[in-house]
Amino acid sequence: MNTFAHRVVAVAVAALTGTTIAIAAPGTASANHEGTATTRELLDLCNQGRTDSCDFRPSGGISTFNGPRQLAGSSTNCTNFNQTRVIRYEASQGTSHSFGVDFSAGSKIGKSFEWSIQTSYRREWTWNDTTSDELRQDVGPRSRVIIYASKLRSRVSGTYELHFGSRYKGHYYWYVNGQVEGQTRGQPWDMSSEQVRASC
Amino acid sequence: MGFLAKAGKAAVLGTVTAAVTALLTAAPAQAAKHCDFSTSTGRYSCSGSGSVRNPGDVIGGKLFTGLDYSGDSLTIWVPRPCPKNDQVDYWVDLGGDMRNKVSSVQAWSSCWVWLYFADGQRDGPYKGNEPDVGTWANDRAVTVGLS
């Protein structure tokens, strides 16, 4: 799972009692005491069904960006003649996030996120997307053709609002900020090829 | 013009001064401004919620000047979730930053969001994430109610 260049510090804001704001970096273990909790701890409780609700509320629109260029396939021609090759390629992109817990399609926070994207933006989140096919390509003598694939990706920031039926560490409501990168349905792959000198 | 909160019938008068100060000192709009207002303290700030809310406050709703929760935002903190008593529990009169500019809203905790217009009409309730309040309500809200 990728991590973001700028990891978003999760902020759990204590609610309903007059105590603290807890700030926790995702995945960090810390001594918990009344009024503080880590991101992992809170979202794990959500995943375990120990919260009344955990709703993801987006902040800002969905931003799009080009994903990393992946090597998807290649073919090497070590002869002294041009050749036409059929090159198979395959590339895939998943979903990465800053929460530090199980954030898959089947997890509770994953389902909450998916529902929020659907209702908030009327788009469908795609947790994994794979492209594969084959193409015919001329490969020059003693050359190698490399097929690259780059996915148009989406980035969403937002806050999980967790509600506990009975106070958890003194509070009914906790807020956890974070960021998710992946793709919504229909975002295209950008394919390109490059011919380089082969090591024959 | 500022943010005037009323919890039930009791208006929080200190709000006006705080909001006016905040609005007068606000920098010209460049990056999106994310501001907070608490109905329990009457305080308003665009530099984090810490100086605005009571520690026990929860988020009742969020307003955005752009579609899809983009643009400037106002987070409304309330002392407790809306009790679902068939009445509007928290009122916020919008100041210059938000007045006639709301385009998308979010309802938080148990609160629903109502948008009131200058002509006395209203739209809502918005019960969750609403990326587009629609043509009729867009850029018309002058007061927000949370119920």
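Trainee: How many helices and strands are there in chain A?
Mentor: Chain A has two helices and twelve strands. Keep in mind that this is a predicted model.

Trainee: What pattern does chain A follow along the sequence?
Mentor: Chain A reads β-β-α-β-β-β-β-β-α-β-β-β-β-β.

Trainee: And chain B, how many helices and strands there?
Mentor: One helix and twelve strands. The pattern of chain B is β-β-α-β-β-β-β-β-β-β-β-β-β.

Trainee: Switching to confidence. What pLDDT does chain B average?
Mentor: The average is 84, and 80% of the residues in chain B score at least 70. Residues 1-29 of chain B have a pLDDT below 50. That stretch still has 50 contacts in the model beyond near neighbours in sequence.

Trainee: What ipTM and pTM does the predictor give the complex?
Mentor: An ipTM of 0.74 and a pTM of 0.77.

Trainee: On to the core. Which residues touch the most other members of the largest nonpolar core?
Mentor: Leu162(A), Leu115(B), Val144(B) and Leu146(B) do, in a core of 58 residues. Strand β11 of chain A, residues 171-184, gives the most to this core, with six residues. There is also a second, separate core of five residues, including Ala72(A), Tyr89(A), Ala91(A) and Ile147(A).

Trainee: What is Leu146(B) in contact with, sequence neighbours aside?
Mentor: Leaving out residues within four places, its contacts include Gly60(B), Gly61(B), Ile76(B) and Val78(B). Cys82(B), Val88(B), Tyr90(B) and Cys111(B) are also among them.

Trainee: Which strand of chain B has residues 141-146?
Mentor: That is β12 of chain B.

Trainee: Is β12(B) enclosed or open, and why?
Mentor: β12(B) is largely enclosed by the rest of the structure, because five of its six residues are buried.

Trainee: Which strands does β12(B) pair with?
Mentor: One partner is strand β7 of chain B, residues 90-93, antiparallel over four bridges. There, Asp93(B) has Thr143(B) in β12(B) as its bridge partner. Another is strand β9 of chain B, residues 113-117, antiparallel over five bridges. In that pairing Phe117(B) stands opposite Ala141(B).

Trainee: Now the open sheet in chain B. What is the strand order?
Mentor: The order is β4-β3-β6-β5-β8-β11, six strands with mixed pairing. The edge strands are β4 (44-45) and β11 (129-130), and each pairs on one side only.

Trainee: In what sense do β5 and β6 of chain B pair?
Mentor: Antiparallel, over six bridges. Strand β5 covers residues 58-64 and β6 covers residues 73-78. Gly61(B) stands opposite Ile76(B) in β6(B).

Trainee: And in the loop between β5 and β6 of chain B, which residue should I look at?
Mentor: Asp68(B) sits in that loop. Its phi is near 55 degrees, a positive value in a residue other than glycine. Asp68(B) is partly exposed, because 18 other C-beta atoms lie within 10 Å.

Trainee: Which other non-glycine has a positive phi?
Mentor: Asp139(B) has one, at about 60 degrees. Asp139(B) lies in the loop between β11 and β12 of chain B. Asp139(B) counts as exposed, because it has 12 other C-beta atoms within 10 Å.

Trainee: Where is the cis peptide bond at Pro125(B)?
Mentor: The bond runs from Gly124(B) to Pro125(B), with omega near 0 degrees. Pro125(B) lies in strand β10 of chain B, residues 122-126.

Trainee: What does Arg122(B) touch?
Mentor: Trp114(B), Leu115(B), Tyr116(B) and Phe117(B), not counting residues up to four places away.

Trainee: How far is Arg122(B) from Gly50(B)?
Mentor: Their C-alpha atoms are separated by 31 Å, and the two residues are 72 apart along the chain.

Note on methods:
Residues numbered from 1 in each chain as written. Chains lettered and ligands numbered in written order. Predicted model: local features only at pLDDT ≥ 70, side-chain atom pairs only at ≥ 80, totals over all residues. Pairing = 2+ DSSP bridges. Buried ≥ 20, exposed ≤ 12 C-beta atoms within 10 Å, placed from the backbone. Contact = placed C-beta atoms within 7 Å. pLDDT = per-residue confidence, 0-100. Core = buried A, V, L, I, M, F, W, Y, C linked by C-beta atoms within 7 Å.
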